[in-house]
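Hello,

Here is the structure for your files. My notes follow below it.

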Amino acid sequence: MNAGEKPNLIVVSCREPYVHKRTSRGVVCERPAGGLVTALEPAMQRLGGLWIAWGDGSADRDFVDAEDKLWVPPEAPAYQLRRIWLTQEEREMFYLGFANQYLWPLCHMFIDALRFKRVFWQGYKAVNEKFATAVLEEAGGAPAAVWIQDYHFACAPHVIKSARPDLPVSLFWHIPWPPWDIFRFCSQKTELLECLLACDLIGFHLDRYCENFVACARECLGANVGDDGFEVEYRGQCTAVKSFPIEIDSQLFQKLAASQKTENSMQRLERKYSLAGRKVGLGVDRLDYTKGIPEKLRALDVFFTRYPQFIEKFVFIQVLAPSRSKIQAYRVLTERVLQKVEELNIRFGTNEWKPVVCINSSLDRENLVPLYRMADLMLITPVQDGMNLVAKEYVASQIDEKGVLLLSEFAGAHEEMKHSITINPYDSEGVADAIRRALEMPEAERKKRIRASRDFVSKHDANTWLDSVMGELASLADLSKHAFR
Ligand code: ADQ
């Protein structure tokens, strides 16, 4: 896309792919931790177009032009980013309020964590309108495909379609969609479903989430469902509801894992955390109550109690990306997790050895990959997770094919990573036994399992995901594929 041209593809998300932040080292440009950006960003680099997102970095305003836009990535510009500014009140009502204290817990079935205020909902709708208006401005009168990301923007499709019924609009819901018996708790269920059904296409990671969504549309709105169960008709508008399991750029992880820089970092980490001669376990999570972090620590407690032969022989490294710390439930969780880590280290640690190393910060990919590559086992314990990209990143980075993936059956990724070891995070003893099994697993079995998973992630990568969503949208909108390029 050249300057002045209208974009063929307009992507909308809450988090932006590049954030400019003022730090003590000056202004830095960072890629935020989070699955959505990780998956979508390489795709945007390939396709070009325009990405509209909330500019929440402290130095963001210094890097945009008069239309609040900039070209990214900074080192090799490939597409445009338009930043939308939110007031403090909008941030509180829309982002911290309705999106993250209502829709997020609702979709992950954490009913006790639901917080609702009328102003949250009003703020949510107002911000959705703001983003939808930006989409309409950017499209002008020209054709464009609109691809909205996630639960932050359930109302935007309706606003866009009311003004421009001809624009093909798709929304990808990155988190689970709960069964009707849970979704019915939502006080805005009718309006949310009606707004979403303005889309031509709604994507979820799994068929199960599609089925839940379709059942909600039928039960709540009396919408008609097509014979295949994946098309909904409501007030004359047809919406295809399809699963597109999100994938990662596996080649990028493999390449990075094989680099000299990674080798050097592995040696540095080995020295820093005294890992030589010890087995290494790894956890990498956003600090979120859906990720089952306390459950994981409880299982480690059982493991060291039940299997003392691993004292001083096994180190567990837990990387935590701070997240949504303005919400009390997240602050409480952080405190609980850090306390439990300390307790484990006091109870089991010795002068020479610390059983749990906690890295409480967001790491960039160059620092995550060495950990992925060197870990003998990866422990992924969400109690609910739409997909979980960390599982796939680990597998892709395992170029020595020695590691074992232990994966919660409640992560969407579990449906694809069939050669992992299945765990139930609520069963601490079962997880402890699985850790032992992984540590004692013969090399041939480890190799066989991880190789099968690696084959999967290299055959199904971010491009496959993107092409299938784009292909579907193009065929629904009766547009040729190259219209999106
Ligand atoms: P998330 O809940 O953010 O994503 P996930 O899919 O695991 O969960 O993605 C996390 C991403 O953040 C990964 O790319 C990982 O590398 C990165 N990350 C995690 N911890 C980090 C740390 N300490 N430092 C730096 N980076 C870190 C949501 C849904 C998921 C879904 C994705 C994509 O909740 O279910 O898989 O969107 O759709």
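First, a term: helices (H or I, at least four residues) and strands (E, at least two) are DSSP runs, numbered from the N terminus. This is a predicted model, in which local features need pLDDT of at least 70, side-chain atom pairs count only at pLDDT 80 or more, and totals for chains, interfaces and linings use all residues. Residues are numbered from 1 along each chain as its sequence is written, and side-chain values use heavy atoms, with hydrogens and water left out.

**The second largest pocket**

A pocket is an open set of points on a 1 Å grid over the protein atoms alone, with protein on both sides within 12 Å along at least five of seven lines. A cavity is a set of points where a 1.4 Å probe fits but cannot get out. Lining residues have an atom within 4 Å of a point. Points are joined across faces, edges and corners, and a volume is the space filled by probe spheres set on them.

The second largest pocket holds about 400 Å³ of space. It has 17 lining residues, and Phe-110, Ala-113, Tyr-289, Ala-329 and Tyr-330 are the closest to its centre. Helices H2 (88-107), H10 (293-306) and H11 (328-348) each give two or more residues to this lining. H11 gives the most, with 6 residues.

The pocket lining has 10 nonpolar, 3 polar and 4 charged residues. Here Ala, Val, Leu, Ile, Met, Phe, Trp, Tyr, Cys and Pro count as nonpolar, Asp, Glu, Lys and Arg as charged, and the others, Gly among them, as polar.

Why does the second largest pocket lie between domain 1 and domain 2? Domain 1 (9-246 + 463-483) and domain 2 (250-460) both give residues to its lining, so it lies between them. The domain bounds come from an automatic or database domain assignment.

**The second largest cavity**

There are 3 cavities of 30 Å³ or more. The second largest cavity holds about 40 Å³. Its lining includes Gly-403, His-419, Ser-420 and Arg-449. Strand S17 (404-408) and helix H15 (443-459) each supply at least two lining residues. H15 gives the most, with 3 residues. By class, this lining has 3 nonpolar, 4 polar and 1 charged residues.

**Helix H1**

H1 bends by about 30° at Glu-41, and Pro-42 follows within four residues. The bend is the angle between axes fitted to the seven residues ending at a residue and the seven starting there. Just after H1, Gly-48 takes a positive phi of about 75°.

Best wishes
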